[in-house]
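Here is a briefing on one protein model. Look at the structure before reading the points that follow.

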Amino acid sequence: MQWRLLKARQLSELRKDVYQMDNSLSFLNHEVQELRSRENNYKLEIKSLESKILYQEVYNRRENLRFLNFHEASDEGNEDTKEVVYRFLERELKMEDVRRIEFQRIHRIGKKSSRYTRPVIARFLRFQDRELVFNAAREMRDSLEVKVLADLPKEVRERRKKQ
């Protein structure tokens, strides 16, 4: 008889423990769902912010052109890239009065290497001048050794290649 009473108490305590664990598990499942929902919202927000940053970078580069295949001077640091660009505009693109075009900055990007020539980035002072040069280069692109491209972030260039 005592044995049955003891078993009944143990069974009652076990049921109570299982009930408490079940409640705790339900609470934890609810917490996990809430955290997953927040995580998804944060992921969407991060994606939106990344898009805004990329848009801002494209906007900041709109006055730039990228010139590929300009031969580099052999003596390091003594190349006048501005003069190289002016000569290209006069000789290759046959543009007149190119010295009136003003640049904020012209420079090569990347580390100097004997395997390839580094691109030149030219930031124009006026967008109209940039468009004039870009359109002239586009019209003559088949006959030019030097490629003239819009200066876009790597991510945008890769997206366009996929399309």
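Rings of Phe, Tyr and Trp (its six-membered ring) form a pair if their centres lie within 6.5 Å; planes under 30 degrees apart count as stacked, over 60 as edge-to-face and the rest as tilted. By that rule, the structure holds 6 aromatic pairs. The model is predicted, with local features needing pLDDT of at least 70 and side-chain atom pairs counting only at pLDDT 80 or more, while totals for chains, interfaces and linings use all residues. Residues are numbered from 1 along each chain as its sequence is written, and side-chain values use heavy atoms, with hydrogens and water left out.

**Aromatic pairs**

- The rings of Phe70 and Phe88 have centres 5.3 Å apart and planes at 85°, so this pair is edge-to-face.
- Phe70 lies in the loop between E1 and H2 and Phe88 in helix H2, so the pair ties together parts that are 18 residues apart in sequence. Helices (H or I, at least four residues) and strands (E, at least two) are DSSP runs, numbered from the N terminus.
- Phe70 counts as buried at 6% relative accessibility, and Phe88 counts as buried at 5%. Buried means under 20% relative accessible area, exposed over 50%, and partly exposed in between (1.4 Å probe, protein chains only).
- The rings of Phe103 and Phe124 have centres 4.8 Å apart and planes at 50°, so this pair is tilted.
- Phe103 is in strand E2 and Phe124 in strand E3, so the pair ties together parts that are 21 residues apart in sequence.
- Phe103 counts as buried at 11% relative accessibility, and Phe124 counts as buried at 0%.
- Ring pairs also link Phe67, Phe70 and Phe88 into a cluster.

**Nonpolar core**

- In soluble globular proteins, nonpolar side chains tend to be buried together.
- A nonpolar core is a set of buried Ala, Val, Leu, Ile, Met, Phe, Trp, Tyr and Cys residues joined through side-chain atoms within 4.5 Å.
- The largest nonpolar core has 24 residues, of which Phe67, Phe88, Leu89, Leu93 and Val133 touch the most other members.
- At least two residues of this core come from each of strand E1 (64-68), helix H2 (81-91), strand E2 (103-108), strand E3 (120-124) and helix H3 (127-139).
- H2 gives the most to this core, with 5 residues.

**Helix H2**

- The buried residues in H2 are Thr81, Val84, Val85, Tyr86, Phe88 and Leu89.
- These buried residues of H2 pack against E1, E2, E3, H3 and strand E4 (147-150).
- Leaving aside neighbours within four places in sequence, Phe88 is in contact (heavy atoms within 4.5 Å) with Phe67, Phe70, Leu93, Leu144, Val146 and Val148.

**Loop between H2 and E2**

- Most residues other than glycine have a negative phi.
- Lys94 is found in the loop between H2 and E2, and its phi is near 55°, a positive value in a residue other than glycine.
- Lys94 is exposed, with a relative accessible area of 60%.
- Asp97 is found in the loop between H2 and E2, and its phi is near 55°, again a positive value in a residue other than glycine.
- Asp97 counts as exposed at 56% relative accessibility.
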